[in-house]
Structure formats: structure tokens, C-alpha cells
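This briefing covers a helix contact, aromatic rings and backbone geometry. Please view the sequence and the model first.

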Amino acid sequence: PAKTMDELVSLCKRRGFIFQGSEIYGGMQGAYDYGPLGIELKNNLKAAWWRSMVYERDDVEGLDAAIIQNKNVYKYSGHEDTFTDPMVDCHECKSRMRADHMKDIKVCDNCGSTNVTEPRDFNLMFKTNVGPMVNEESYTYLRPETAQGIFTNFKNVVDSTSRTLPFGIAQIGKSFRNEITPRNFIFRVREFEQMELEFFCKPGEDEKWHDFWVKTRKQWWLDQGLTEENIEFEYVTGDDLAHYSKSTVDILYKFPHGFEELEGVANRTDYDLGSHTKAQEEFGLSAKVKKNEHSTAKLAIRDLEANKWEVPFCIEPSAGLDRGLLAVMTEAYTEEELPNGSTRTVLKFKPHLAPIKVAIMPLKKNKPEIVALAKELKNKLQKLGLGRILYENTGNVGKGYRRHDEVGTPICVTVDFDSIEKEGAPVTVRDRDTMEQIVVPAADLPAYVINYFIN
Ligand code: ATP
């Protein structure tokens with residue numbers, strides 16, 4: 001794995017995974033842009049999450065709610081009142097910082113002075129104006145989590161799918177938080193993506209489902225290539241619990257800057273549906289909620305056995321896509337010493353995550369038959385739907401191997417003179433991890449590749 005953030009940042013920029021946002025204007029703190037390979041890796045990680053959370057289960061539905069919502073969503077969700085971090089100001093150097101890591105003695109992160117203010121609450125939501133009029137009422141917020149769109153659509157999903165408990169709703173999308181101190185590359189940013197599942201169950205079955213999701217999510221991260229020794233659980237207690245949570249288990253990963261949260265799995269009880277429902281008094285809610293004077297929908301489900309309406313409990317595994325990508329890159333990063341004394345950098349991604357699945361390289365740039373066969377193979381493999389297959393005609397196969405090691409391409413295929421002269425059109429297939437090369441007849445290449453990526 002990568003030892004320092006710097007080596008990752010440098011590889012990401014050099015090879016086109018991640019760039020500083022607004023770089024040509026001096027940058028924008030806490031915002032990053034994903035380049036040609038970053039977007040592929042991101043899409044592959046999202047697809048893996050969706051596959052395991054939606055397609056491989058029969059009790060989860062998908063959703064894509066709007067980012068901009070009615071401001072009452074955040075009034076009743078509790079975010080307007082309580083979605084804050086403690087912040088202190090330094091009297092000496094005038095910087096501001098997050099204070100939740102500061103215990104009794106408060107020291108400025110920037111200059112080391114102890115001449116700092118008492119912590120005060122800073123709300124992390126971005127406020128924005130909606131519509132052509134600017135007045136007291138014309139504001140809303142950018143969503144700080146995707147979850148709220150799931151709760152506000154609870155009735156729509158239940159009515160349109162006839163779901164009964166337990167079932168879940170999954171969503172992937174952007175969230176925004178005006179972090180006081182964004183840092184550590186894409187670990188803490190102001191604009192990021194979350195992959196969230198809200199899993200609704202009967203009150204009383206919540207703890208069982210909470211345990212289930214903690215285990216299931218850890219296994220999923222292992223399936224993405226993270227290793228056991230780099231994952232830990234943290235049981236969140238007391239003041240660190242979010243306003244909606246009865247209990248939370250954080251899944252931590254050993255990033256280059258230390259063990260930090262990758263995903264939180266929270267037991268949100270009946271807090272959210274209870275907050276957003278009309279007729280709150282009918283349900284005997286267990287969570288303490290603000291009296292709702294605006295909601296027009298009953299966010300409850302009929303318990304057919306007991307013949308009564310009930311507000312379900314909710315378990316939420318909430319993962320950060322950007323943090324996930326950083327974890328996957330950290331883990332995949334490998335510096336290897338080769339027998340000839342040189343070193344190579346390899347990103348040992350799991351095949352399903354690799355931004356480029358196969359690179360096809362003609363040995364000679366200007367030999368028409370070689371080029372034609374290489375292009376034909378590219379088109380054939382592309383049609384398999386595995387992801388990006390790259391035809392790359394630089395004429396330097398050795399350099400190509402090095403570059404594809406560095407971006408984690410699992411398979412390189414070379415088309416050479418043998419391929420056009422010998423019977424069966426043999427092509428050379430080179431494996432990223434073992435660097436072994438084998439010869440495969442061109443006609444067998446699709447089957448070879450499918451076998452490699454599907455099994
Ligand atoms: P932290 O304590 O690190 O601020 P959090 O506990 O506030 O995180 P949650 O509200 O539980 O985070 O959000 C769920 C997930 O969303 C986190 O586990 C993380 O992966 C991701 N996430 C939250 N804030 C950010 C951010 N500023 N930048 C990138 N990812 C984030």
C-alpha cells in the first residue's frame with residue numbers, strides 16, 4: 001500500500017486520475033476534479049456498490065432524488081439546528097479550525113498558539129438562494145447527505161413497489177458540506193459523493209439488522225481489495241453520535257494519514273420517518289422529533305398481522321465514494337523491485353475496478369495488417385461490455401507496459417508479426433501482476449478475457 005499521501009497525489013495528477021479543482025485559477029479548497037482514469041475508477045466502484053446493494057438483493061430498490069429540496073426537509077431532519085462542527089478562531093494568526101479533536105488544551109493547528117476562542121457551533125450546510133427573488137424566505141440548502149431524499153420519497157416507493165418490511169432504498173449522489181478545514185486530498189472535501197442505503201425494518205429487529213449491515217459492508221470493502229489488517233471498527237458513543245442515531249459503528253480504513261472513517265453504519269431508529277411524517281402523534285414514536293406542521297404524507301407502513309400503521313426503524317450504511325476511491329488506491333499502490341534491480345509502480349486493482357480493462361497494442365505503428373488486427377480485436381472486446389478497452393498505437397510496447405502497470409490495467413495484448421503471419425493469429429497476453437506473457441489465438445481472446453473478468 002501507499003505510505004504517503006504525496007505519492008498518491010503525484011500519481012493521480014501525472015496519470016489523470018484526480019486534479020485539483022479550479023487549478024488554473026489557483027485552486028478551490030476542498031474540491032477535486034476526476035480525470036479520464038478517475039472517472040472510470042469511480043464509475044466502477046459505484047457499479048460494484050449498486051450490484052451488491054441492489055441487483056444481488058431482492059429487498060432493495062434504487063432512487064435518484066434531487067439535490068435541491070424544499071428547505072423544510074432540513075428543518076425537520078434536524079440539520080438546520082444541529083448539523084454543526086465545533087470551531088475555534090485563533091487570535092494570533094486569524095485562522096479558523098475544527099475543534100473536535102481538541103481536548104482540554106486548545107492549540108491552533110496553524111501556528112501553535114493557545115490564544116484561541118472557545119469552540120462555537122458552525123453549521124456545515126451550504127445555503128443557497130432559489131429563484132429570481134432574494135428575500136428571507138427564498139433560500140434552501142445543498143444536501144449534506146443523500147439520505148433525506150430517501151426518507152421524503154418513502155411513501156412514493158412503498159406505493160409504487162408494494163414493499164413490506166424489511167426492505168431498503170439505495171442511492172448514490174453528490175453531497176455538500178462546508179467543511180471548516182478540508183484536508184488530506186479527497187478524504188475531506190466540500191463536494192463529494194455518498195453511497196447510501198436506508199434499510200427499513202420493524203422496531204425490535206433493528207439491532208439484528210444493524211449487526212448484519214456492519215458485517216456485510218465490511219465484507220464488501222474486502223471484496224474491493226482492502227485487506228483485513230487495514231480495516232477496523234469504531235463504536236461511536238456519547239457526544240460523537242449524530243443527532244439521529246441510537247448507535248453507530250464506523251468502518252475505519254488505514255489511509256496514509258492514519259486510521260479514519262470510511263463508512264458509517266448508523267441505527268437511525270424511527271427518527272427520520274417520524275420527523276417527516278404527518279400525524280406524528282398517531283404512531284407512538286420512540287425518537288424525540290420536532291413537531292411537524294408541514295408534511296402532507298403519512299410515512300408509515302401497515303403491519304398486516306397487528307393491523308396497524310407503524311413507522312419503521314432504519315439502518316443506514318453510508319459510504320463515501322471519494323474516500324472509498326482513496327482507500328482502494330492506497331491499498332492497490334505497490335512499489336516492486338524487479339529481478340534486474342529496477343523498480344516498478346503498479347496499481348493492483350481488483351479487475352472489476354480497473355479503469356482500463358485491456359490495452360491492445362500493435363507492435364508496429366505503420367504496418368497496416370498489424371494495425372487492422374489490433375483495431376478489430378479492440379472492437380470485439382469492447383462489445384463484451386466489461387468497461388474500457390483501449391487501443392493504443394504508440395509503437396513502444398515496453399513503455400506501454402510500464403504505463404499500464406501504473407494505472408492498473410490488468411491485461412495488455414500485443415499484436416505482432418506472428419499474429420499476421422502464423423496460423424491462428426497468435427497474440428501475446430501479458431498479465432499486470434505476474435508480468436507473465438502467454439500466447440493466445442486471436443479467436444480465443446474474447447473467451448480468455450471474459451473468463452478473466454467474470455470469474
Ligand atoms: P467525519 O467524522 O469524517 O466528518 P462524518 O461522521 O461526518 O465524517 P457521515 O455523516 O457519517 O460522516 O457521512 C457518511 C460518509 O460520507 C463518511 O463515512 C464519509 O465516507 C463520507 N463523507 C462525509 N463527509 C465527507 C467529506 N467532507 N469528504 C468526503 N467524504 C465525506
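Helices (H or I, at least four residues) and strands (E, at least two) are DSSP runs, numbered from the N terminus. The model is predicted: local features need pLDDT of at least 70, side-chain atom pairs count only at pLDDT 80 or more, and totals for chains, interfaces and linings use all residues. Residues are numbered from 1 along each chain as its sequence is written, and side-chain values use heavy atoms, with hydrogens and water left out.

**Backbone geometry**

- Most residues other than glycine have a negative phi, and most peptide bonds are trans.
- Leu165 and Pro166 are joined by a cis peptide bond with omega of about -10°.
- Pro166 is placed in the loop between α6 (154-161) and β9 (167-176).
- Ser162, which is not a glycine, has a positive phi of about 55°, and its place is also in the loop between α6 and β9.
- Ser162 has a relative accessible area of 60% and is therefore exposed (buried means under 20% relative accessible area, exposed over 50%, partly exposed in between, with a 1.4 Å probe and protein chains only).
- Phe185 has a positive phi near 60° and lies in the loop between β9 and β10 (191-201).
- Phe185 counts as buried because its relative accessibility is 10%.

**Helix contact**

- The axes of α1 (residues 5-15) and α9 (residues 321-332) come within 11 Å and cross at roughly 100° (axes are lines fitted to C-alpha atoms, for helices over the stretch in contact, and angles run from 0 to 180 degrees between N-to-C directions).
- Met5, Leu8, Leu11 and Cys12 of α1 meet Leu326, Met329 and Thr330 of α9, where contact means heavy atoms within 4.5 Å.

**Aromatic rings**

- The structure has 17 aromatic pairs (rings of Phe, Tyr and Trp, the last by its six-membered ring, with centres within 6.5 Å; planes under 30 degrees apart count as stacked, over 60 as edge-to-face and the rest as tilted).
- Tyr452 and Phe453 form an edge-to-face pair, at 5.0 Å centre to centre and 65° between the planes.
- Tyr452 is partly exposed at 22% relative accessibility, whereas Phe453 is buried at 11%.
- One aromatic cluster is formed by Phe151, Phe154, Phe167 and Phe200.

**Charges over rings**

- Lys42 lies over the face of Tyr34, 4.0 Å from the ring centre (NZ of Lys or CZ of Arg within 6 Å of the ring centre and within 35 degrees of the ring normal).
- Lys298 has its charged end over the ring of Trp309, 4.4 Å from the centre.
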